[in-house]
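Let's take a friendly walk through a protein model together. Have the sequence and the 3D view ready, and follow along one stop at a time.

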Amino acid sequence: MRRAQSGSLSLRLLSFLRLPVKSLQTAPAWQALQNHADQLTPKHLRELFKTEPKRFERFCHVLGDLVVDFSKNRITSETVTLLFDLAAASDLEGWRAKMFAGERINITEHRAALHTALRNRSNKPVMFDGQDVMPAVNAVLDQMKTFVGAVRAGEWLGASGERITDVVNIGIGGSDLGPSMACEALTPYGGEVNVHFVSNIDGSQIAEILDRLDPVSTLFIVASKTFTTQETLTNAQTARQWVVDRFSDDAIQKHFVAVSSNADAVTAFGINPKNMFQIWDWVGGRFSLWSAIGLPIALSIGMERFEEMLDGAHAMDEHFRNEPLESNIPVIMAMIGIWNINFLDAACHAVLPYDQYLHQLPAYLQQLEMESNGKAVSRDGDVLTAKTSPVVFGEPGTTGQHAFYQLLHQGSRIVSADFIAPVVSHNPLGDHHAILLANFLAQTEALMNGRTDAEAQTRLEATGLSGDSLEALLPHTVFAGNRPTTSILVKRIDPRTLGMLIALYEHKVFIQGIIWGINSFDQWGVELGKQLANTILPALKDDASTDDHDASTQGLIDHIKRLRK
Ligand code: F6P
């Protein structure tokens, strides 16, 4: 068996552990793609568009109000065929069946990944451990409906008989990012209650929010699957004290509900178990906004609209499950991602929503992609020689254009990008939306075409430049182009299209995990830091002297103690 010693980055990073190695690159399907990449790489996207007049028709796919144009990626029909061969060699269809069937595909935690059951609008049985999970899913949806109805109608009253005007969701990671992103994205549908989010352990966040609120009309959702997360429990205790200071312990029943799988800890906190909304082990944190973790969304937009979001996700699930690979949008998206990362060496992936309401989408997708696939060890515990998740980042257009797009256009690295835009704005003000869409289209055209030196020269000459000054400026005004982008259009950002869009990305992440042979559903990488923070905390709190740490950490601890005096 080969041991990790040298070579790829993962090998170098993990070489001191001397773990066994898994080389995906030796598989015939992988090698065929590598050979194809060697032949195709010299070809520019401009050339591909010129030689294939039907390129847009060939690579643009439509599902309801969703249009996904892959044609500005550096692919040909042969690329896609070879990528499907790789998918087949990885038994993608077998793994897909296992996921939908509730098999324990999260092997390190011995859990299923059944987020699709949460939005199974067909209501057909979904079996897990010999039991249909749908009755439990539907019971929680009913519980949410009753609660959401009562709060929005002003029937759920606080301890002094006031109606609830503000809801604060206390959670972190998957118990925060999804609902927060969706509430923002669906702002035009919200209004009945104001929803706020506290996630950070930094007391400044909760302090600022509580400062603006009144305990008499504020309800807290403590959202934590485990109900052991330090940040969430610390914030929840602070909120609890804020309510108790105004009323008494008895008020907790009226001002706190919980979303969790840990009924004992919820009860110990003082929340009435009747006010707990159940989630299950088979719902992964970053895949959980479809469960009661989505309660803030339902409170903001109403239960009917929340269910429209589930409908949209279910439509995408059905498409992923039944559509042949050739026209299966999540499969194509995932496999083109594999092409960009593993064969064109794209280390970063930008998510660029041309919609202000989607401004939290990049942060949400950071967790979804990087916590799922930011791993260098395979399902079987072997060090992977292939690259896995890219660094995901992004900002809404056009704001990002004036910040980091310079690197996208002229930087020395290939960054792949998804451009996302609604065709219809919720705020049709003057020319705003037309200008926004013009920029959306212009950016992908520019990234694809670039600007040759001849074109750059013509432009400079037109401004009156010539001779040495023209020669000096010319290299700076050339754009290599050939940068891969995918354009995603939706009619408008509404609950249904948002549901489709998020499910599309979830499936993309799952598929890429299968190709790399990794478990996308665990997150051991967040453990070590948490554990060390717990060992450092006593030293910071008590001013006790410690010398248990490396020189840098110890030195910083000493400076903290000195500076806070
Ligand atoms: O960051 C690690 C993590 O376990 C995430 O996967 C999860 O979404 C988050 O912490 C919050 O966990 P919990 O809902 O159990 O508080």
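The largest pocket has a lining of 37 residues, and those nearest its centre are Thr226, Thr229, Gln523, Val526 and Lys530. Helix H11 (230-246), helix H17 (361-373) and helix H23 (527-542) are the elements that each give two or more residues to this lining. A pocket here is an open set of points on a 1 Å grid over the protein atoms alone, where a 1.4 Å probe fits, with protein on both sides within 12 Å along at least five of seven lines; a lining residue has an atom within 4 Å of a point. Helices (H or I, at least four residues) and strands (E, at least two) are DSSP runs, numbered from the N terminus.

How much space lies in the largest pocket? About 990 Å³, where the volume is the space filled by probe spheres set on the points, and points are joined across faces, edges and corners. Its lining has 11 nonpolar, 17 polar and nine charged residues. In this count, Ala, Val, Leu, Ile, Met, Phe, Trp, Tyr, Cys and Pro are nonpolar, Asp, Glu, Lys and Arg are charged, and the others, Gly among them, are polar.

Keep in mind that this is a predicted model, where local features need pLDDT of at least 70 and side-chain atom pairs count only at pLDDT 80 or more, while totals for chains, interfaces and linings use all residues. Residues are numbered from 1 along each chain as its sequence is written, and side-chain values use heavy atoms, leaving out hydrogens and water.

Now find helix H2 (residues 28-40). Its buried residues are Ala29, Trp30, Leu33, His36, Ala37 and Leu40, buried meaning under 20% relative accessible area and exposed over 50%, with partly exposed in between (1.4 Å probe, protein chains only). Seen down the axis of H2, these buried residues fall within an arc of 125 degrees, so they line one face of the helix; the arc is that of the directions from the helix axis to the C-beta atoms. On the other side, Pro28, Asp38 and Gln39 are exposed. The buried residues of H2 pack against helices H3 (45-51), H5 (77-89), H16 (329-343) and H22 (495-516).

Our last stop is Pro215, in the loop between helix H10 (203-212) and strand S8 (218-223). Is Pro215 buried or exposed? It counts as buried, because its relative accessibility is 11%. Pro215 touches Trp242, Arg246, Phe247 and His255, leaving aside residues up to four places away in sequence, where contact means heavy atoms within 4.5 Å.
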